[in-house]
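I set out below, entry by entry, what I looked up in this model.

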Amino acid sequence: MRLPGIARTGGGALWRGSSAVWVRLHLNEVGPMVSLLLVSTLGYGFFALAREVGEGSTAALDRKILLGLRNPADLSDPLGPAWLEEAMRDITGWGSVVTIVFLTAAAVIYLALSGRRRVAVFVLAAVGGGEAVSTVLKLFYHRPRPDLVPHGMDVFTASFPSGHAMMSAIAYLTLATLLARVERRHSVKALMLALGIGMTVLVGVSRVYLGVHWPSDVVAGWCVGAAWAALCWFVALQLQRRGEVEDPDPTPASTGPGQIKGTSAPG
């Protein structure tokens, strides 16, 4: 059966429009495509987990993990030697507001002084926006902190999602990605990314070990934090293509005659 002419015309226009948007957003390239896939997958994971938490489906596993990290005879005593508990307090500080603000400010100042002012503004907006999202989510879900075991440190905000896990994912993954792009050696790039991921994971583990978060809080923080970092990555790629943000890793060809330093050559 042949479709009416108007249907064929409309379908063709829709296809051409979709293709134009696809190319305009550079979704035919690996970077933008991977970043959007990460945003959608991790975003779905967060909301799916939030629904399970709301229904109480994660309660049994949360309790089992939290109790499994404590001495059965004394729930105020985390497993392991005393130095491990002290080390976990130090590690959890990597995700504190003070540490994140300090590192972000240092990165912004460095980028500004090195001539990448628009990248500096972008990093500031990415981390600041992530902090705002974390605050809104905590106020919306307003999950109480675990009362199953004594806390290993003082806490002042709601539990879901973990702000430390989320902000460490945003800050360390974003900064690791920027540093990896500046470095040309693949081994150093891999090291930067591994450090960013490793620090994010350790911060989340420390929150559960100290009894200040349910494990599901931390996983949710990782999901939404990594999704935000991936979204920022996608936006950065789009802005760099338009020349609105400097490329943090200019190639020799991009600084030749007729090219503006910090932007990519066409093609």
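**Entry 1: overall make-up**

How many helices and strands does the secondary structure of the chain come to? I found nine helices and two strands. I note at the outset that the model is predicted. Reading from the N terminus, I listed the order of elements as α-α-α-β-β-α-α-α-α-α-α. I then looked up burial: of the 267 residues in the chain, 41% are buried. For the contacts with a separation of 6 or more, I recorded that 72% join residues 24 or more positions apart.

**Entry 2: nonpolar cores**

I searched next for nonpolar cores. The largest has 24 residues, and F46, I100, L111, V123 and F160 have the most contacts inside it. Which helices each supply at least two residues of this core? I noted α2 (30-55), α5 (97-113), α6 (117-141), α7 (163-182) and α9 (215-241). The helix that gives the most is α7, with seven residues. There is also a second, separate core of seven residues, and I found L66, V149, V208 and V218 among its members.

With its neighbours within four places in sequence left aside, I100 is in contact with W94, G95, V127, M167, S168, A171 and Y172.

**Entry 3: annotated spans**

I consulted the UniProt record, an unreviewed entry. That record places the feature "transmembrane region" at residues 30-50, 91-113, 120-141, 161-179, 191-212 and 218-237. I checked two of these spans against the model. Residues 191-212 are 86% helix and 0% strand, with end C-alpha atoms 30 Å apart. Residues 218-237 are 100% helix and 0% strand, and there the end C-alpha atoms lie 28 Å apart.

**Entry 4: salt bridges**

A search of the whole structure gave me four salt bridges. As background, side chains of opposite charge can pair when their charged atoms come close.

I took the pair D62 and R143 to begin with. Their side chains meet in a salt bridge at 3.2 Å, N to O. Why does this pair tie together separate parts of the chain? D62 lies in helix α3 and R143 in the loop between α6 and α7, so the parts joined are 81 residues apart in sequence. Is D62 buried or exposed? D62 has a relative accessible area of 3% and is therefore buried. R143 is buried as well, with a relative accessible area of 15%. I also recorded that D62, R143 and D217 are linked in a network of salt bridges.

I then turned to helix α4 (residues 82-92), where E85 and R89 are four residues apart, about one turn of the helix. These two form a salt bridge, with the closest N and O atoms 2.8 Å apart. R89 also forms a salt bridge with E86, at 3.2 Å between the closest N and O atoms. E86 and R89 are three residues apart in α4, again about one turn of the helix. I looked up the accessibility of each of these residues. E85 counts as buried because its relative accessibility is 17%, under the 20% limit. R89 is partly exposed at 29%, and E86 is partly exposed at 43%.

**Entry 5: T58**

Where does T58 lie? I located T58 in the loop between α2 and α3 (59-68). T58 has a relative accessibility of 13% and so counts as buried. Not counting residues up to four places away in sequence, T58 touches L49, E52, V53, R143 and S216. R143 is the residue already noted as the salt-bridge partner of D62.

**Entry 6: backbone geometry**

Most residues other than glycine have a negative phi, and most peptide bonds are trans. I noted two departures from this. The peptide bond from F160 to P161 is cis, with omega near -10°; P161 lies in the loop between α6 and α7. H142 is not a glycine, yet its phi is positive, at about 45°. I found H142 in the loop between α6 and α7. Is H142 buried or exposed? Its relative accessibility is 58%, so H142 counts as exposed.

Note on methods
Residues are numbered from 1 along each chain as its sequence is written. This is a predicted model: local features need pLDDT of at least 70, side-chain atom pairs count only at pLDDT 80 or more; totals for chains, interfaces and linings use all residues. Side-chain values use heavy atoms; hydrogens and water are left out. A nonpolar core is a set of buried Ala, Val, Leu, Ile, Met, Phe, Trp, Tyr and Cys residues joined through side-chain atoms within 4.5 Å. Buried means under 20% relative accessible area, exposed over 50%, partly exposed in between (1.4 Å probe, protein chains only). Contact means heavy atoms within 4.5 Å. UniProt positions are given in the numbering used here, feature names are shortened, and annotations may be inferred rather than shown by experiment.
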